[in-house]
Amino acid sequence: MNILLVNPPNCGRSVPEEQYGMDSIRQIFRGEPLALEALAGNLTDHAVRILDLKVTPDGLDDALAQFQPDLVGITGMTCEANAIVRIAGQVKAQRNALVVVGGIHASNDPDFFNVPAIDYVVVGLGKASFRDLIGQILATGNGGGIPGVAGTDPGKRLQITPRVYDATDLVPERPPAYDLVAANRHQYRLETLGLSMGFAITAFGCPHRCNFCCIEALTDGRYLPYPVEAVVRDIRLLGDVPVIRFVDANTFQDVARAQALCRGIAEAGIQKQFFADVRADMVVRHPDVMREWKQVGLRAVIVGFEEIDQLRLTEMGKGCRADDYRRAIDILHELGIAIVGDFIISPDYSEHDFAALRRYIRETAIELPILSVLTPLPGTPLYRTMADRIVIHDLDFYTLTNAVVRTRLPEKDFYGLYAELTKAFHRKPAV
Ligand code: SF4
């Protein structure tokens, strides 16, 4: 079968830009489409191509005409959901190909994709189920009944047989098909830092239950680590890329396994720099593990602080204590590990809240704060509690930089303070 896997273009709309002419808030990410590379790696007996529309935004027509796919798979985040439906429509207009959608939004709100241009929706980890789907379609002409996959039926609710995700869904013996994006590799950069980086994954899922987070749906809340040898193999396959970004949700969740991975990297003689996500409470409890990782090249960690106010942090279900944050920051700075700090600005923020966050970031000298707006993503617990407050339903605005519920401050003032905060800390990141 000819299978075309499509990464949607950079998309999303911006209230501060469209309404108030503030363009400093927009964030553009251009990382490699690792989810598609992983799918492709498990389809070795098919002809597979990856079309990254973030790199070639106008490439769809040519890819359809030249490659003539029998099946097109599309992935994407919530802010890309409308684009996915548009791409599916373009595919159907040009070819009699099957269209399959998966990814974060499909996992959290699968019914959104129950539309005529889409044939199947893959919920959660798809590396194994997508392959099963293709095999069954080839054998029987129908992909119905596979756990974690739903055939669409517009106008009705999707019928999805639940899938119990486990280690077999990782298919660790099949590495991502990094070679399929080789021509784009020079484009996969973190522009803010001027760094080329390759993506690898060491584990899927997270056992925590932060109410705003969309990760749970990928594995039904299970934490599924890859074997150390598979991670080492994947890092090697990335060749001479100097920086590896582990794109797990929570790389250090299992401390013994994080240490085993660190030692596996050291024993393999790999000399690279690493970026990884870590929780502040783990840093405070296990500074020794961070020290070991620093020695094998951990350059920076992404820490989801989310909030500095304990009450809001508790409401989020983060399970961290704001009091621990300064200790975690001190430990990381003493070790020489830079911090990319994720903070979530509530639409309920007052001027005082903005000022307090600004002071906090300045005092703690967090190298690169990333500031997003609390967004009730469909399918998350937060969505269920905030649903009646939502005033913007168009998913193009769910970029995590728009307030989709009414702000407590006048909207223009809210975005003005948000833009000021963003500008204040993004001049010279020292990560
Ligand atoms: S710890 Fe991170 S990945 Fe896990 S649920 Fe919370 S925000 Fe999501």
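Contact here means heavy atoms within 4.5 Å. With that in hand, select Trp293: leaving aside neighbours within four places in sequence, Trp293 is in contact with Phe246, Phe252, Ala258, Leu261, Cys262, Ile265, Phe274 and Leu298. Before going on, note that this is a predicted model, where local features need pLDDT of at least 70 and side-chain atom pairs count only at pLDDT 80 or more, while totals for chains, interfaces and linings use all residues. Residues are numbered from 1 along each chain as its sequence is written, and side-chain values use heavy atoms, with hydrogens and water left out.

**The cores**

Together with Trp293, they touch the most other members of the largest nonpolar core, which has 129 residues. (A nonpolar core is a set of buried Ala, Val, Leu, Ile, Met, Phe, Trp, Tyr and Cys residues joined through side-chain atoms within 4.5 Å; buried means under 20% relative accessible area, with a 1.4 Å probe and protein chains only.) Colour domain 1 (2-167) and domain 2 (188-425): both give residues to this core, so it lies between them. The domain bounds come from an automatic or database domain assignment. Then pick Val48, Ile50, Val100 and Ala177, which are among the 22 residues of a second, separate core.

**Helix H2 and His46**

Show helix H2 (34-41); helices (H or I, at least four residues) and strands (E, at least two) are DSSP runs, numbered from the N terminus. Seven of the eight residues of H2 are buried, so H2 is largely enclosed by the rest of the structure. Its cover includes strands E1 (2-7) and E2, helix H6 (127-140) and strand E8 (195-200).

Now step to His46, in the loop between H2 and strand E2 (47-52). His46 has 17% relative accessibility and therefore counts as buried. Not counting residues up to four places away in sequence, His46 touches Met1, Ile3, Ile134 and Leu138.

**Two helix pairs**

Select H3 (residues 60-67) and H4 (residues 81-94), whose axes come within 11 Å and cross at roughly 40°. Axes are lines fitted to C-alpha atoms, for helices over the stretch in contact, and angles run from 0 to 180 degrees between N-to-C directions. Leu60, Asp61 and Leu64 in H3 meet Ile87, Gln90, Val91 and Gln94 in H4.

Finish with H11 (residues 287-296) and H13 (residues 322-335), whose axes come within 10 Å and cross at roughly 30°. H11 and H13 are therefore roughly parallel (under 35 degrees). Pro287, Met290, Arg291 and Lys294 in H11 meet Ile331, Leu332 and Leu335 in H13.

Notes
Buried means under 20% relative accessible area, exposed over 50%, partly exposed in between (1.4 Å probe, protein chains only). Angles under 35 degrees count as roughly parallel, over 145 as roughly antiparallel, 65 to 115 as roughly perpendicular and the rest as oblique.
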